[in-house]
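Hi,

Here is the structure I promised to pass on. Have a look at it first, then read my notes below.

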Amino acid sequence: MSMDRFNGKVALITGAAQGIGRATAVRIASEGGSIAAVDLNADGLSSLVEELCGMGVEAEAFSCDVGDPTQVETTIAGVVERFGKLDVLCNVAGILRTSHSHEADLDTWNKIIQVNLTGTFLMCRAAIPHLLAAKGSIVNTSSTAALGSHPWMAAYAASKGGVLALTKSLAAEYVKQKLNVNAVVPGGIMTPIHGSFALPDGADFALIAGAQPKVAMAGPEYAASAIAFLASSDARYMNGTQLLVDGGALN
């Protein structure tokens, strides 16, 4: 496997300030890619860009709420103006809340859908004209919650299921224009989302035990390596694929 797969490429990564997004930025940069790091966490972005520049690659931070169409359009335009093109889009930004579904707050439901699903769509919509010109790649981040039984996470599971459906639809629509669109499906990855995860009062942990990895939880670099593969030319013959990175949880 070539380890300079992103030389001369520009990759935009959402959720880049921490977790899987940050690990993805570091991984693609380690293979020569220039990085447009997108997040709302200014301190996390600043730290990341400093690290990437220290690796000898071009990197710039862009503050953006992925659920806001105006901010998304402005960010994509800014990235293309800064780097001259866009080759790779990695949609990693996401949020998770838990609750008993019959007690779920509609505002929370809407926010989760807005960030996880609508945000993914908005970034794709704005980036696709540039990615078509580059014959580039999109990697969307779903979750095992989209495929397995994850109680108390109805909005999150619905949003991530929507990401899979969106991925397959875009892959079919643009396949003849040589745009690759695939999804990574992480589970059991140690991220700030998992670190802050808590079950609602009265929840029975046994109901979620089947969603746990069969080995120890992994660091975000394991998901990042899968994202980098799907974003690279090594995955050129893959389109509309969902790649599980879950420690065998759903086997």
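Helix H3 (residues 69-83) lies across S1, S2 and S3, and runs at about 165° to S3. H4 packs on the sheet too, where it touches S1, strand S4 (88-91) and strand S5 (137-141), and its direction makes about 175° with that of S4. Touching here means heavy atoms within 4.5 Å; axes are lines fitted to C-alpha atoms, for helices over the stretch in contact, with angles from 0 to 180 degrees between N-to-C directions. Helices (H or I, at least four residues) and strands (E, at least two) are DSSP runs, numbered from the N terminus.

Before you go on: this is a predicted model, with local features needing pLDDT of at least 70 and side-chain atom pairs pLDDT 80 or more, while totals for chains, interfaces and linings use all residues. Residues are numbered from 1 along each chain as its sequence is written, and side-chain values use heavy atoms, leaving out hydrogens and water.

Now the sheet itself. It is open and parallel, with seven strands in the order S3-S2-S1-S4-S5-S6-S7; two strands pair if DSSP finds at least two bridges between them. Strand S3 (59-63) and strand S7 (242-245) are at the edges with a single partner strand each, so one side of each has no neighbour in the sheet. On average, neighbouring strands are turned by 15° against each other, direction ignored. Strand S1 (residues 10-14) is joined to S2 by five bridges, and Val-10 has Ser-34 as its bridge partner in S2.

There are seven salt bridges, counted when a side-chain nitrogen of Lys or Arg is within 4 Å of a carboxyl oxygen of Asp or Glu. One of them joins Arg-5 to Glu-31, with the closest N and O atoms 2.7 Å apart. That pair links distant parts of the chain, 26 residues apart: Arg-5 is in the segment before S1, and Glu-31 in the loop between H1 and S2.

Cheers
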